[in-house]
Amino acid sequence: MEDNLSLYNTLTKKVEKFVPNEPGKVKMYTCGPTVYHYAHIGNLRTYMMEDVLEKFLRFSGYDVKRVMNITDVGHLSSDADTGEDKMLKGAKREHKTVMEIAKYYTDAFMSDCAKLNIKTPDVVEPATNCIAEFIHMIEVLLEKDYAYMAGGNIYFDTAKLKEYYVLSNQNAEELAVGVRDSVEEDTNKRNKTDFVLWFTKSKFEDQELKWDSPWGVGYPGWHIECSAISMKHLGDALDIHCGGIDNVFPHHTNEIAQSESYLGHKWCNYWFHVLHLNDSTGKMSKSKGEFLTVSLLESKGYNPLAYRMFCLQSHYRKPLVFSYEALDNVTVAYNKLVARVAALKSDGPVDEAKLAELKAAFMEALNNDINTSSALTVLYDALKADTNDATKRAAVAMFDEVLSLGLLDAADRMKEEKQTDAGAEMDGALLDFINQKISERMDAKKAKDFAKADAIRDELLAKGIAIKDTREGTVWEKV
Ligand code: AMP
Ligand code: ZN
C-alpha cells in the first residue's frame, strides 16, 4: 500500500509524510485519562480527534494497534511532580477509596467515549497493572546512570542528555521563570527539570496505593507509566504518540528522555497533539465554574454527536472555543444533515465509479493533516453530487466509518419516527371516522332507516371494525 498521509509532527515542527516503521502497520499510543473525575468535553476533543486519526489510518488500509493507559496513580496536581496526588484528591472529595474512584471514573470515561462514537483502543491498560514494568525500567535507568536517588525518591537526571527540549519550543531560561513562580520546589533535584520516576518519601501520609520496590515502599511517577505501558504492548519502536497540547511539556518531553535513555535509540517518530478546547473565559478546567461534561450537554438536551460534529468542523491544530450558541448552530446543521440522509431513496445500483471518485476526494481531505472540516465538505458535496441516491447513501456510510457521526442510524431512526407519527395520525383519522359513522348509524336507527344503519355497520366491518350495541351504547373492536 502507498503512504499518502501528511501529518504535522511536533517533533520536527513540520507537516511530514507519514511512513510507519513497518510497511502497512501502525503502532499508536495515546495518553489516557487521569481517572479522578469526569472527563470534560475538552479532554474528549483530544480523544475524538485521535479517534479520527486511528479510524482514518484503518480506512487507508493500515493494520493499526493502538494502546492507551489509564492513569490511576502518580499524577500530581502539577505536572511538575508537585501538589497533591489527583487520585487521592478525588477519593477524599467523594469519601471513597482510590480504587473505587478509579473504577467509577474509568467506567464514566468509557461511557462518554461510547456516546461520542469514540472507539475503545485495542489495549487499555491501568497504570496499577504495570508496577513491575515501571520498576524494571527504573532499574535500567539507574544502571545506565540516567537516574539517581535523593531524599528517598528516584529522579531522572536531565543533565545527562545531549538534548532535553527536543519536543517543546521551551528553553532552560523560560522554564526557570516558571519554576521561580511555583510555590513548591523539590530540593532533592539536581536540576530543575529532573523528574520523579519513583516516590518513596510520599508527602502524603495517607497515600493509599503503595508497592514494594528495590528502593522502598512507594509509587511510580506519572511520566514513567506511558513509556513502560507503550513498550509493554508496542515494543521499542513507536510510530505515533498522541495527546493534548499541554502534554508536550513536561510529560512527553520526559517520556522521550527516559524512553530513549532506556532503549539507547530513537523511540517514537511522529508526535500528534490536539489543541485545546477553551470556553469564553479561557482554558477549560475541572475546578472552574460549570464543569462541561457530556452528561451536562445531554441534560440540556444536546446530542453528543452534535458535539462531535462541532469538533470535526475545526482543524485539530487550532484552538477551539466552545459556546452553547455555537453548539445550537451545529445541532441545527446536524439535524438537517440527518434529514437529508433520511430522504435518500433506495433507487437502484450504486455507481461504483462515482463512489470511488467521492472516496478519493474524502481521502485527499484527510490525507492533508487530518483536515476534518474539508472531509465534512466532501460529505456535503456527495449529497449534492450528480448521481443516484443509492450512491450518495453508500458514500455517507463509507465516510461515517471515519467521521462516526452516526448518520445512517440517526436517519433510520428519523424515518421510523416519521412512520410512527404517520401511523398515529392515521389512527386518529380512523377514530374520527368510526365515531362519525357510529353517530350517523344512531341517527339512522332513530329515523328507523335500518337499511342505512346496516349499510354503515357493513362499511365499518369492511374497514376491520365490528360494532355491537350494548346497554351503555355502541362499542366497537378491531377484527
Ligand atoms: P487528563 O485526564 O487531565 O490527563 O487529560 C486527558 C487528555 O486531555 C490529555 O491528553 C490532555 O492533554 C487533554 N486535555 C486537557 N485539557 C484539554 C482541553 N482543554 N482541550 C483539549 N484537550 C485537553
Ligand atoms: Zn502519557
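A residue is called buried here when its relative accessible area is under 20%, and by that definition buried residues make up 51% of the 479 residues in the chain of this predicted model.

The chain holds 15 helices together with 18 strands. Its radius of gyration is 31 Å, well over the 23 Å that the globule rule gives for 479 residues, so the chain is more spread out than a compact globule. The extent of the C-alpha trace can also be followed along its principal axes, where it spans about 110 × 55 × 40 Å. As for the contacts inside the chain, among those between residues at least 6 apart in sequence, 75% join residues that are at least 24 apart.

Ser-168 sits in the loop between β9 (153-156) and α5 (172-181), and because its relative accessible area is 7%, under the 20% cut-off, Ser-168 counts as buried. Leaving aside residues up to four places away in sequence, Ser-168 touches Lys-13, Val-248, Phe-249 and Thr-253. Pro-349, by comparison, lies 181 residues from Ser-168 in sequence, and the distance between the two in space is 52 Å, taken from C-alpha to C-alpha.

Methods:
Residues numbered from 1 in each chain as written. Chains lettered and ligands numbered in written order. Predicted model: local features only at pLDDT ≥ 70, side-chain atom pairs only at ≥ 80, totals over all residues. Heavy atoms only, no water. Helix = DSSP H or I, 4+ residues; strand = E, 2+ residues; numbered from the N terminus. Rg over C-alpha atoms; globule rule 2.2 N^0.38 Å. Buried < 20%, exposed > 50% of the residue type's maximum accessible area, 1.4 Å probe, protein only. Contact = heavy atoms within 4.5 Å.
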